[in-house]
Amino acid sequence: MRFFMIGALLLASLALAGPTFAQGAAAAPSAGQSAGQSAGPAVSAPVAADDYPPLYQGDPAPDFAEPDIFGKHTVALKSLRGKLVVLNFWATWCAPCRQEIPALEQLEKAYPGRVAVIGASVFCSNSDTERFYRQYDLNYPVFYGSWELMGKYGKLSAIPTTFIIDRQGKVIARVIGSRSLVEYETILQPLL
């Protein structure tokens, strides 16, 4: 419960800073949204003008090489060139994050060698993340998302926030909120 409250406060403080968004490619609205709502893919404007340059659709995705949560493997963006990358920032206590994990697992399973799903655990303890990973036996790698990495990818105004990165390593979309398998496939199909 303590981590939920801390995470909620952190997200609220990030949201108060008021990031602006440039609209990306449209995706089908999630359950409970009308087509006019803007929770679909958007590409972030700056985190902070003095920290990182703005990240826009078509920009190179910020590189990273992070150890997985068990310290056994390194998850490196450069090693995934030639694949579509689905980089998902999530937390164990986040209900919408939990709701979309089966869709992310199905993506990983349905498109071997073409799509790589990566989870970046944020705003939760290492032990909670490891326990969650083992309990649900996730089929894609997860690492701990640092403040620096979140900064490079733009201010996270909500979680889950997912970045779609093309085969050349460019940001195609920033998806805010939970999505179903069909909604992710709608975004990815033109790129496969």
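The model is predicted.

**Strand β8 and its partners**

- β9 (residues 171-176) pairs with β8 in the antiparallel sense over 5 bridges.
- β8 and β9 make a hairpin that has 5 residues between the strands. In its turn, Gly169 has a positive phi of about 85 degrees.
- β8 also pairs with strand β5 (residues 84-90), in the antiparallel sense and over 5 bridges. Here Val85 stands opposite Ile165 of β8.

**Burial of β8**

- Strand β8 spans residues 161-165 and is mostly covered, with 5 of its 5 residues buried.
- Thr161, Phe163 and Ile165 point one way from the strand, while Thr162 and Ile164 point the other way; all are buried.

**Helices α2 and α5**

- Helix α2 covers residues 95-110 and helix α5 covers residues 181-188. Their axes come within 9 Å and cross at roughly 45 degrees.
- An angle of 65 to 115 degrees would count as roughly perpendicular and one under 35 degrees as roughly parallel; α2 and α5 are therefore oblique to each other.
- The crossing of the two helices, α2 and α5, is right-handed.
- On the α2 side, the contact is made by Glu100, Ala103, Leu104, Gln106 and Leu107. On the α5 side, Leu181, Tyr184, Glu185 and Leu188 take part.
- By class, the residues of this contact divide into 6 nonpolar, 1 polar and 2 charged.

Technical notes
Residues numbered from 1 in each chain as written. Predicted model: local features only at pLDDT ≥ 70, side-chain atom pairs only at ≥ 80, totals over all residues. Heavy atoms only, no water. Axes fitted to C-alpha atoms, helices over the stretch in contact; angles between N-to-C directions. Helix = DSSP H or I, 4+ residues; strand = E, 2+ residues; numbered from the N terminus. Parallel < 35°, antiparallel > 145°, perpendicular 65-115°, else oblique. Left-handed = near helix turned anticlockwise from the far one by under 90°. Contact = heavy atoms within 4.5 Å. Nonpolar A, V, L, I, M, F, W, Y, C, P; charged D, E, K, R; others polar. Buried < 20%, exposed > 50% of the residue type's maximum accessible area, 1.4 Å probe, protein only. Pairing = 2+ DSSP bridges.
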